[in-house]
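Work through the two exercises below with the model in view. Each task is followed by a solution in steps.

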Amino acid sequence: MGIKLYYTTVTASRTVKSQQAEVMRILESKSIQYELVDISVGGELRDEMRSKAGNPSAVPPQLFNEDQYCGDYEMFSEAVEADTLDQFLKLA
């Protein structure tokens, strides 16, 4: 599967929860299939996400196309605003 969304089911941050929900809602509204990767099930998944993103303090949501880093919530949001989501997700 192409698009991977790294997210967490365990967070006290309302910001993270709302950002994750918005990313999922937008992907679903555009019929873009994606795979969820829950980093809360183990520290190695969090470390993998941060390593792939090239940011040791990256927090979910983070988006990838296979193993290619697409970006975080801010970058996703900008791509939606600019109507360049396909390019952002490396689908174009």
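**Exercise 1.** Find the residue with which Glu48 forms a salt bridge, then follow the network of salt bridges that includes Glu48.

*Solution.* 

Step 1. Glu48 pairs with Lys52, their closest N and O atoms being 3.5 Å apart; a salt bridge is a side-chain nitrogen of Lys or Arg within 4 Å of a carboxyl oxygen of Asp or Glu. This is a predicted model, in which local features need pLDDT of at least 70 and side-chain atom pairs count only at pLDDT 80 or more, while totals for chains, interfaces and linings use all residues. Residues are numbered from 1 along each chain as its sequence is written, and side-chain values use heavy atoms, leaving out hydrogens and water.

Step 2. Both Glu48 and Lys52 lie in helix α2 (residues 43-53), four residues apart, about one turn of the helix. Helices (H or I, at least four residues) and strands (E, at least two) are DSSP runs, numbered from the N terminus.

Step 3. Lys52 also forms a salt bridge with Asp67, with closest N and O atoms 2.9 Å apart. This pair links distant parts of the chain, as Asp67 sits in the loop between β3 (62-65) and β4 (68-72), 15 residues from Lys52.

**Exercise 2.** Is Asp67 buried or exposed?

*Solution.* 

Step 1. Buried means under 20% relative accessible area, exposed over 50%, and partly exposed in between (1.4 Å probe, protein chains only).

Step 2. Asp67 has 54% relative accessibility, so Asp67 counts as exposed. Lys52, at 24%, is partly exposed.
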